Number of protein chains: 2
Amino acid sequence: MAPKIVLHYLENSRAQRVAWLLEELGLDYEIVYYTRNEDHRSGPELKKIHPLGHSPVLEIDGLKLIESGVIINYLISKYDKDGKFSVTSEADKLAVDTALHHAEGSVQDDLLIMRITNKVRNANVSFMVKPVAKEVASKIDAGYPVPDLEVQLAYLEDLLAKNGSGYFVSDHLTGADFIYSYPLQLSRDYVNLLTEKKHPNLFKWLKSIEARPAYQTVGNKTKGLKGVF
Amino acid sequence: MAPKIVLHYLENSRAQRVAWLLEELGLDYEIVYYTRNEDHRSGPELKKIHPLGHSPVLEIDGLKLIESGVIINYLISKYDKDGKFSVTSEADKLAVDTALHHAEGSVQDDLLIMRITNKVRNANVSFMVKPVAKEVASKIDAGYPVPDLEVQLAYLEDLLAKNGSGYFVSDHLTGADFIYSYPLQLSRDYVNLLTEKKHPNLFKWLKSIEARPAYQTVGNKTKGLKGVF
C-alpha cells in the first residue's frame, strides 16, 4: 500500500526542498500549508504538529520526521526504488552525509545570522537610534557570517569544479544536491554573495535544478518559491 | 593495524565531545591543539587542515572528516566493536540520527546567535553608543534565540523524562548523548537557561556524563573543558 505522506510546509522555508524530493520520487503527498506572521516567524500552529514548532515536519503513516537532513536521507533510503538519487560507494555515502550535516549545521548558520541582522537594520526605530542599529548590524555581518559564508561558498564551488559531473557527489542528483539547494538559493538571491562571476559552477548548478519540472511543480503547488527564510 | 587518528582540536570548542567519544572507545589518538585569538575565533592554521577552517576535523589514516554529527556516527559505526554505544532498532537509529542533526542544526544555532549578541553587548564602544548596542543585543536575544532555545530545552527535558533510562535513546550512551553534551553544557553554564529547577532530568544527565572518567580525561589532556565556544 502506498504510504500516507503529509508535508507540513511553512511558506518560503526549508520545506521546499523536501517537496522537491517528493516530486522527484514521484510520491503522492499532501501539503499542509502554514503562513508566516508579520515578523516572518511561524505561528503556534506548527507546535501542534511537533513540539519544536519547526518546519518542515514530514509525516509518513503517522511517523513524524524532523530535521531536513534526516528527512532527505529517509526518503531516499526508503523510496528511491530505482536508485536514481542513491549512492553506493562508502566514500560517496560519507560525502552525502557530510553535505547533509554541513548545509544545516554550518551554511544555514550564517544565513540565519544575516536574517537577524537584516531585521535589526530594517527595524522601526527612531531616527537617532537607526544609524547605530545599522552599524551594529553591519559590524556583526562583517565580523562573522559574511566572511564565513564566503569561505563556504568557495569550498562548495571547488567541490563542484573538482567533481566535474555537475553534481556535488557522484554523477547524478543525490541528497547533497537536495540539501544544498535552499541555502545556495538564499546565498544568491537574498544575501547576494553567490554570483555567476565568482561561482560559475554553483550558479550553473542552481539554474539546472531550477529548470527541472519536479522543481517547478513545487512552485505551482505552494504559491511560489521564494528565498525569504 | 590500529588506525592513526588525529583530532584537530580548537580550545573550548565542539571538539571536546569527539575527544570524549575517542576516550570512551579506548582508541589511541593524537590531539593537535589550536588556541583561539583575542576575538575568540580560530586563526588561519585550521584552514591548512581543511578549507572550511572549522573545528573539529578528525583524521583517520589520512581521511579527513568534518561535521561533529558525521564524526560521531562514523566512530561508533566503525570502532564500537562491543556495541556499547550502538543501537539496533530502526526507531532508535532514527532517534540518534535526528539528535545528531537537531543538536547542530537547531540548538547550536541559538547559542551561536547568543554568542554574537554577547559580543555586541560587551563591545568596546563609546558610552553614548553602548546603551543602544546593549538594547539591540537584548532585543535580538528576546526575539529569537532565547525563546527558541527554551522550547528546545523543554523538548529535550521531555525526551529524557519519557525515555526514563537516563539517556536520550535506548538504555545506554549513544551518539545522541555525545552530540547533545556540548550545547547543553553551554545552555547551563554560558547562557544560564538550563537550570536544575526547570530541567531536573537534563541537569542530572549532565552531571552523570561529566562524572565519567573518560570525560575527565579529556579535560586533563586539553587544558580543561570550558563552555566558551
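How many nonpolar, polar and charged residues does the lining of the largest pocket have? Keep that one in mind; the count comes at point 5. One thing before we start: this is a predicted model.

1. Let's begin with the sheet in chain A. It is an open sheet of four strands in the order E2-E1-E3-E4, and the pairing is mixed. Strands E2 (30-34) and E4 (63-66) of chain A sit at the edges with a single partner strand each, so each has one side without a neighbour in the sheet. Going from one strand to the next, the twist averages 20°.

2. Now zoom in on one pair of strands. E1 (residues 5-10) of chain A runs parallel to E2(A), and five bridges link the two.

3. The axes of H3 (residues 68-79) and H7 (residues 175-189) of chain A come within 10 Å and cross at roughly 150°. The crossing is right-handed. From H3(A) come A:Ser68, A:Gly69, A:Ile72 and A:Ile76, and they meet A:Gly175, A:Phe178 and A:Ile179 of H7(A). Sorted by class, this contact has four nonpolar residues, three polar ones and no charged ones.

4. Next, hop between chains. Helix H4 (residues 90-121) of chain A packs against helix H3 (residues 68-79) of chain B at an angle of about 145°, and their axes are 9 Å apart. On the H4(A) side you'll find A:Glu90, A:Leu94, A:Asp97, A:Thr98 and A:His101, while H3(B) brings B:Gly69, B:Val70, B:Asn73, B:Tyr74 and B:Lys78. This contact holds three nonpolar, four polar and three charged residues.

5. The largest pocket holds about 1100 Å³ of space. It is lined by 34 residues, and those closest to its centre are A:Asn73, A:Lys93, A:Asp97, B:Asn73 and B:Asp97. Both chains contribute helices here: H3 and H4 of chain A, plus H3 and H4 (90-121) of chain B, each supply at least two residues of the lining. And here is the count you were waiting for: the lining has 17 nonpolar, ten polar and seven charged residues.

Key: Residues numbered from 1 in each chain as written. Chains lettered and ligands numbered in written order. Predicted model: local features only at pLDDT ≥ 70, side-chain atom pairs only at ≥ 80, totals over all residues. Heavy atoms only, no water. Axes fitted to C-alpha atoms, helices over the stretch in contact; angles between N-to-C directions. Left-handed = near helix turned anticlockwise from the far one by under 90°. Contact = heavy atoms within 4.5 Å. Nonpolar A, V, L, I, M, F, W, Y, C, P; charged D, E, K, R; others polar. Pairing = 2+ DSSP bridges. 1 Å grid on protein atoms, 1.4 Å probe; cavity = no way out; pocket = protein on both sides within 12 Å on 5 of 7 lines; lining within 4 Å. Points joined across faces, edges and corners; volume = space filled by probe spheres on them.
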